[in-house]
Amino acid sequence: MLKIEQLYKTYIRAKEFNALDNINLDIESGEFIAIIGKSGSGKSTLLNIISGILTPTSGKIFLDNQEISSLSDDEKSFIRNDSMGFVPQSTVVLSTLNVLDNICLPFFLSKREGDPIGRGKYLLNELGLEHLESSYPRELSGGELRRVTIARALMNYPKIILADEPTSDLDVENTKEVLGILKEINKKNNTTIILVTHDLTCLDYADKVYTMISGKLVEGKSI
Ligand SMILES: Nc1ncnc2c1ncn2[C@@H]1O[C@H](COP(=O)(O)OP(=O)(O)OP(=O)(O)O)[C@@H](O)[C@H]1O
Ligand SMILES: [Mg+2]
């Protein structure tokens, strides 16, 4: 369902370097992939390119046989909002919206038909946040905020979830909870998941593991 071909991202700092160096990847529908790797190895760059937030230097990305890497910014934004659930590395939520409205936001961005509030309340329940419906982000703990970003990622029934270090600031208990939720979504809805992480406990939840080493993606656990 997701195919990546000869993907490069080149940055220029003191000199030119490849943050992504010829990435090739083929992911089946319903697979749960974990990508581990040291800080600075290129994990977030890869997720941000798949989601269309960053543009690759060269290479192609196909989502269900449609080449998404060559689309315009507007078309990429639409696909990101409509078909992808993005859980960013830092928990970005809108501080002026309450929890329910934050979760419903992707619905309103793509102006579709349906019942956003019903869906939002369903997700609040699924993620154990029902008591926080009208609370504001500043009143929530790190683990609760993570769950809000996961609920928001699920709002539009995504085909694929891209999760960048979703457990980085959580304790062991919350880590297990968040990973358990992702696994359940993966099993229940056959949602494809790409999870990027430092945390080796995540590997118990994934079907397949890759390691990012200086911009190259290697199959298996190599750290
Ligand atoms: N805009 C930029 N300009 C130049 N270099 C950049 C830019 N963005 C990222 N980099 C560099 O690209 C490399 C990959 O960064 P990336 O954020 O993908 O790493 P990461 O594996 O996600 O790290 P972490 O585990 O710390 O989140 C790093 O060396 C980073 O400094
Ligand atoms: Mg990162």
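These legends describe close-up views of a predicted model. Residues are numbered from 1 along each chain as its sequence is written, chains are lettered from A, and ligands are numbered from 1 in the order in which they are written. Local features need pLDDT of at least 70 and side-chain atom pairs count only at pLDDT 80 or more, while totals for chains, interfaces and linings use all residues.

**View 1. The open sheet of four strands runs in the order S2-S1-S4-S5**. Its pairing is antiparallel. Strands (E, at least two residues) and helices (H or I, at least four) are DSSP runs, numbered from the N terminus. Two strands pair if DSSP finds at least two bridges between them. Strand S2 (16-27) and strand S5 (66-67) form the edges; each has a single partner strand, so one side of each is left without a neighbour in the sheet. S1 and S4 run antiparallel and are joined by five bridges. Here Lys3 stands opposite Phe62 of S4. In a regular strand the side chains alternate between the two faces of the sheet.

**View 2. A hairpin links S4 and S5**. Strand S4 (residues 58-63) and S5 run antiparallel, with two bridges between them. Phe62 has Glu67 of S5 as its bridge partner. Two residues lie between the strands, and Asp64 takes a positive phi near 45°.

View 3. Contact between two residues requires C-beta atoms, placed from the backbone, within 7 Å. Axes are lines fitted to C-alpha atoms, for helices over the stretch in contact, and angles run from 0 to 180 degrees between N-to-C directions.

**View 4. Twelve positions are labelled around ligand 1: Tyr11, Arg13, Ala19, Gly37, Ser39, Gly40, Ser41, Gly42, Lys43, Ser44, Thr45 and Gln89**. A residue is near a molecule or strand if its C-beta atom, placed from the backbone, lies within 6 Å of it. H1 gives the most to this shell, with three residues. By class, the shell has eight polar, two nonpolar and two charged residues. Ala, Val, Leu, Ile, Met, Phe, Trp, Tyr, Cys and Pro count as nonpolar, Asp, Glu, Lys and Arg as charged, and the others, Gly among them, as polar.

**View 5. The open sheet of six strands has mixed pairing**. Its order is S6-S7-S8-S3-S9-S10. Strand S6 (84-87) and strand S10 (216-219) are the edge strands, and each pairs on one side only. Neighbouring strands are turned by 20° against each other on average, direction ignored. Strand S3 (residues 32-37) pairs with strand S9 (residues 208-213) in the parallel sense over five bridges. Ile35 stands opposite Tyr210 in S9, and Gly37 stands opposite Met212. H6 lies across S3, strand S7 (160-164) and strand S8 (192-197), at about 155° to S8.

**View 6. A hairpin links S9 and S10**. These strands run antiparallel and are joined by four bridges. Tyr210 has Glu219 of S10 as its bridge partner. The hairpin has two residues between the strands, and Ser214 takes a positive phi near 45°.

**View 7. Helix H5 (residues 142-154) meets helix H6 (residues 172-189)**. Their axes come within 10 Å and cross at roughly 10°. That makes H5 roughly parallel to H6; the term covers angles under 35 degrees. H5 contributes Gly143, Arg146, Arg147, Ile150 and Leu154, while H6 contributes Asn174, Val178, Ile181 and Ile185. Five of these contact residues are nonpolar, two are polar and two are charged.

**View 8. Helix H3 (residues 99-110) packs with H5**. The angle is about 35°, and the axes are 7 Å apart. The crossing is right-handed: the near helix is turned clockwise from the far one by less than a right angle. Val99, Asn102, Ile103, Leu105 and Pro106 of H3 meet Val148, Ala151 and Arg152 of H5. This contact has six nonpolar residues, one polar and one charged.

Technical notes: Angles under 35 degrees count as roughly parallel, over 145 as roughly antiparallel, 65 to 115 as roughly perpendicular and the rest as oblique.
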